[in-house]
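Subject: Structure for you to look at

Dear colleague,

I am passing on the structure below, together with some notes to read beside it. Please open it before going further, as the notes follow the view.

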Amino acid sequence: MRADGVDAIVGQWQRERPDLEELIPMSVYGRIYRIAAAMGDQMEKAYAPFGIGRGEFDVLATLRRSGEPFTLSPKQLSETLMLTTGGMTGRLDKLEKAGLLERSPDPTDRRGLRVQLTPAGRKVIDDAVAAGLAIQRAALERLDPADVERLNDLLRELLAASKG
């Protein structure tokens, strides 16, 4: 197996701080961070032809995954995406201006709003999710399918453990 940039960083820490001993956690999380950053950049490029970035993708994808009629409240979107209401408003404004979603009064709460995917928004998110998935698939094709399954299981366990 060939060395990478994370190995170089860990080697420097081993040289400078031999008292730190076991540096595998630094290696693991360094690679997770670098993979996430690299894939994030690739996903951004995949979504660009559809006129959206990752933030807009997240909003459209959340609406699409909600099922028919692809409608949620701004509060539900904010909670799902862990965004402030101000951050959500900016994204909704941009997507509404692009004709990818529409806001309307909530029929069950006269103070509330509902956000709904438009047909154009559904087409954009369906195409963008397929484009992003193709990039993710291509990256994982370098690994043995059994290793991909095992990696998925290990990351699921690590994610659960990181939540405390």
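Which helix lies across β1, β2 and β3, and at about what angle does it run to β3? The helix is α3, which runs at about 100° to β3; axes here are lines fitted to C-alpha atoms, for helices over the stretch in contact, and angles run from 0 to 180 degrees between N-to-C directions. Helices (H or I, at least four residues) and strands (E, at least two) are DSSP runs, numbered from the N terminus.

Before the details, please note that this is a predicted model, in which local features need pLDDT of at least 70 and side-chain atom pairs count only at pLDDT 80 or more, while totals for chains, interfaces and linings use all residues. Residues are numbered from 1 along each chain as its sequence is written, and side-chain values use heavy atoms, with hydrogens and water left out.

The sheet

The open sheet is formed by three strands in the order β1-β3-β2, with antiparallel pairing; two strands pair if DSSP finds at least two bridges between them. Because β1 (71–72) and β2 (101–106) stand at the edges, each with a single partner strand, one side of each has no neighbour in the sheet. Strand β3 (residues 109–117) runs antiparallel to β2 and is joined to it by six bridges, and Arg 103 has Val 115 in β3 as its bridge partner. Helix α5 (residues 85–97) also lies across part of this sheet, namely β2 and β3, and runs at about 115° to β2.

The nonpolar core

In soluble globular proteins, nonpolar side chains tend to be buried together. A nonpolar core is taken here as a set of buried Ala, Val, Leu, Ile, Met, Phe, Trp, Tyr and Cys residues joined through side-chain atoms within 4.5 Å, where buried means under 20% relative accessible area, exposed over 50%, and partly exposed in between (1.4 Å probe, protein chains only). The largest such core has 23 residues, of which Ile 52, Val 59, Leu 60, Leu 63 and Leu 77 touch the most other members. At least two residues of this core come from each of α2, α3, α4 (74–81), α5, β3 and α6, and the largest share, five residues, is supplied by α3. Contact means heavy atoms within 4.5 Å, and, leaving out residues up to four places away in sequence, Ile 52 touches several residues, among them Tyr 47, Phe 57, Leu 95 and Val 124.

The aromatic pair

A search of the whole structure finds one aromatic pair, formed by Tyr 47 and Phe 57, which are stacked at 4.2 Å centre to centre with 5° between the planes. Rings of Phe, Tyr and Trp (its six-membered ring) pair if their centres lie within 6.5 Å, and planes under 30 degrees apart count as stacked, over 60 as edge-to-face and the rest as tilted. This pair links distant parts of the chain, since Tyr 47 is in helix α2 and Phe 57 in helix α3 (residues 54–65), ten residues apart. Tyr 47 counts as buried at 6% relative accessibility, and Phe 57 is buried too, with a relative accessible area of 10%.

Salt bridges

The whole structure holds 15 salt bridges, each being a side-chain nitrogen of Lys or Arg within 4 Å of a carboxyl oxygen of Asp or Glu. One of them joins Asp 7 to Arg 31, with the closest N and O atoms 2.8 Å apart, and it links distant parts of the chain, with Asp 7 in helix α1 (residues 5–16) and Arg 31 in helix α2 (residues 24–47), 24 residues apart. Asp 7 is partly exposed at 34% relative accessibility, as is Arg 31 at 27%.

Another salt bridge, with its closest N and O atoms 3.0 Å apart, is formed by Asp 153 and Arg 156. Salt bridges that share partners also join Arg 64, Glu 68, Arg 122 and Asp 126 into one network. Within that group, Arg 122 and Asp 126 form a salt bridge whose closest N and O atoms are 3.8 Å apart, and both lie in helix α6 (residues 119–140), four residues apart, about one turn of the helix.

With best wishes
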